Amino acid sequence: MQEAAAYILLVLGGNNTPSADDVKGVLTAAGNAEPSDDSIAALVGDMEGKNVNDLLAEGMEKLKDVPMGGGGGGGGGAGGAAGGEDAVEEEEEEIEEEQEAPAVDMFGGGDDGGDY
């Protein structure tokens with residue numbers, strides 16, 4: 001994967017046909033002390049005579065058919081008629097528990113604002 005990224009970086013930089021040495025140089029400069037010569041040679045061989053932009057466009061066409069999740073599920077079903085009274089009681093209890101927090105100065109000072 002690093003080899004492909006280095007190859008694409010070279011193409012973006014203006015080198016339309018990077019050599020194995022070019023790819024190895026980018027990987028070494030990025031901190032990869034020992035790039036795989038076999039992987040680089042295979043990549044450069046596979047890319048010979050091909051345009052990166054055309055390959056990326058073909059790949060995007062293939063990806064448009066891949067389901068990527070999304071959509072989500074439908075909403076939950078409605079509850080039965082029995083138990084309606086319990087729901088009302090629950091709501092009333094929650095309202096009682098919710099109380100407004102007292103206004104407190106974040107820095108511990110009084111309400112007079114003397115330090116501002």
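**Figure 1. Glu3, a residue of helix α1.** Helices in these legends are DSSP runs of H or I with at least four residues, numbered from the N terminus. The model is predicted: local features need pLDDT of at least 70, side-chain atom pairs count only at pLDDT 80 or more, and totals for chains, interfaces and linings use all residues. Residues are numbered from 1 along each chain as its sequence is written, and side-chain values use heavy atoms, with hydrogens and water left out. Glu3 is buried but has no salt bridge, and Lys24, the nearest side chain of opposite charge, is 11 Å away. Buried denotes under 20% relative accessible area, exposed over 50%, and partly exposed the range in between (1.4 Å probe, protein chains only). Lys and Arg count as positive, Asp and Glu as negative, while His and the chain ends are not counted. Leaving out residues up to four places away in sequence, Glu3 touches Val23, Leu27, Ser36, Ser39, Ile40 and Leu43; contact means heavy atoms within 4.5 Å.

**Figure 2. The largest nonpolar core, 11 residues in all.** Such a core is a set of buried Ala, Val, Leu, Ile, Met, Phe, Trp, Tyr and Cys residues joined through side-chain atoms within 4.5 Å. Among its members are Tyr7, Leu27, Val44 and Met47. Helices α1, α2 and α3 are the elements that give two or more residues to this core. Apart from neighbours within four places in sequence, Met47 is in contact with Tyr7, Val52 and Leu55.

**Figure 3. The salt bridge between Lys24 and Asp37.** A salt bridge requires a side-chain nitrogen of Lys or Arg within 4 Å of a carboxyl oxygen of Asp or Glu. Here the N to O distance is 3.3 Å. Because Lys24 lies in α2 and Asp37 in α3, the pair ties together parts that are 13 residues apart in sequence. Lys24 is partly exposed at 31% relative accessibility, and Asp37 is partly exposed at 45%. The whole structure holds two salt bridges.
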